[in-house]
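Dear colleague,

I am passing on to you the structure that follows, together with some notes for a first reading. Please have it open beside this message as you go through them.

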Amino acid sequence: MPSGSGSLGRLGGRVRAAVGWLLGLIMVAPFLYMLISALAGTDGVRDLALPGGPSRVHPEIFAAALAALPFGRWVLNSLIFSLAVVAGQVFTSATAAYAFARLRFAGRDRLFLAYLAVLLIPTVALLVPRFWLISALGWVDTYPGLVSTQLVSVAGIFLLRQFFLTLPRELEDAARLEGAGEWTIFRRIVLPLSRPALATFAVLALAAQWRSFLWPLVATRSPHMRVLEVGIASLHDAYDLNWPYQMVVATAAVVPMAVLYFMAQRHLSRALELGARAGTARPPGTPRRKRPLSAG
């Protein structure tokens, strides 16, 4: 009987491993197709459907495509847009989350629920009001127009609030006894203790803004203000469906995010832990449950 249980256990492990490899292959397959399409060249793209694939690869197409396209300008625009938005979102999310988690003021919980209700509004429904706003300010096709309406992340406020609720209050109380104000406590105690959560949110926000397409498409007009995702989409018109060039730029756009995710694996694992604990943190003002005294 024990030997049979061991055999079933080994069989179950192999099945799980096979399913894991299959799911991994399904996830990686589009990226492999993208890379092969970029290397196949214009004549080789139509050979991808054949069993043998393209007859030869053309690595030189990477240098040719990146030299022919304003790739450097697109990358610069994406960097400026992404880094500025991430800096703004980290600041606004951290300060708002600290207020919702630690400060007491009238209507705090109702205001937080109103913030969460914004998540129910489709992003497309907000495009026109946001465009009217930057148009009235004269910020269409400018960096302020791209960045200004993206500086608040409701999901980031929720994530950081849940983390702040798990921090011990003893350090804050000790700082208050020493005469520290709320801003000093936030800057010198809460933020250093929250570095894993802040780094996690920064990585996720940077990835989201790097692949942002809809708002940059609406907020910009001229080719020199396009971000990388909009530039990739524009290749259909400019280069008459030049798939290799489009795949080259798409591959080059994926590389920075792949490196970022590889370097931030530990923080992303922390993000999963924070997501699992979301909603389980004890709200401020809730009395702690008394533990029964152990016998003896």
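How are α2 and α13 oriented to each other: roughly parallel, roughly perpendicular or roughly antiparallel? Before the reply, a word on the basis: this is a predicted model, in which local features need pLDDT of at least 70 and side-chain atom pairs count only at pLDDT 80 or more, while totals for chains, interfaces and linings use all residues. Residues are numbered from 1 along each chain as its sequence is written, and side-chain values use heavy atoms, with hydrogens and water left out.

The reply is that α2 and α13 are roughly perpendicular to each other, a term for angles of 65 to 115 degrees, where under 35 is roughly parallel, over 145 roughly antiparallel and the rest oblique. Helix α2 (residues 60–68) and helix α13 (residues 243–263) pack at an angle of about 90°, and their axes are 9 Å apart. Helices here are DSSP runs (H or I, at least four residues), numbered from the N terminus; axes are lines fitted to C-alpha atoms over the stretch in contact, with angles running from 0 to 180 degrees between N-to-C directions.

On the α2 side the contact (heavy atoms within 4.5 Å) is made by I61, F62, A64, A65, L66 and A68, and on the α13 side by P244, Y245, V248 and T251. Sorted by class, this contact has nine nonpolar residues, one polar residue and no charged ones, where Ala, Val, Leu, Ile, Met, Phe, Trp, Tyr, Cys and Pro count as nonpolar, Asp, Glu, Lys and Arg as charged, and the others, Gly among them, as polar. T251 of helix α13 counts as buried at 13% relative accessibility, given that buried means under 20% relative accessible area, exposed over 50% and partly exposed in between, with a 1.4 Å probe and protein chains only. Apart from neighbours within four places in sequence, T251 is in contact with M34, L35, A38 and F62.

The second topic is charge pairing. The structure holds five salt bridges, each a side-chain nitrogen of Lys or Arg within 4 Å of a carboxyl oxygen of Asp or Glu. In one of them the side chains of E172 and R102 meet at 2.7 Å, N to O, and this pair links distant parts of the chain, with E172 in helix α8 (residues 170–177) and R102 in helix α3 (residues 71–102), 70 residues apart. E172 is buried, with a relative accessible area of 2%, and R102 is buried too, at 4%.

R176 forms a salt bridge with D173, the closest N and O atoms being 3.5 Å apart; these two are three residues apart in helix α8 and therefore separated by about one helical turn. R176 also meets E182 in a salt bridge (3.0 Å, N to O). Salt bridges that share partners join R102, E172, D173, R176 and E182 into one network.

Finally, α8 and helix α9 (residues 182–193) pack at an angle of about 150°, with their axes 10 Å apart. Their contact is made by L171, E172, A175 and R176 of α8 and by E182, I185, I189, V190 and L193 of α9, and by class it has six nonpolar, no polar and three charged residues.
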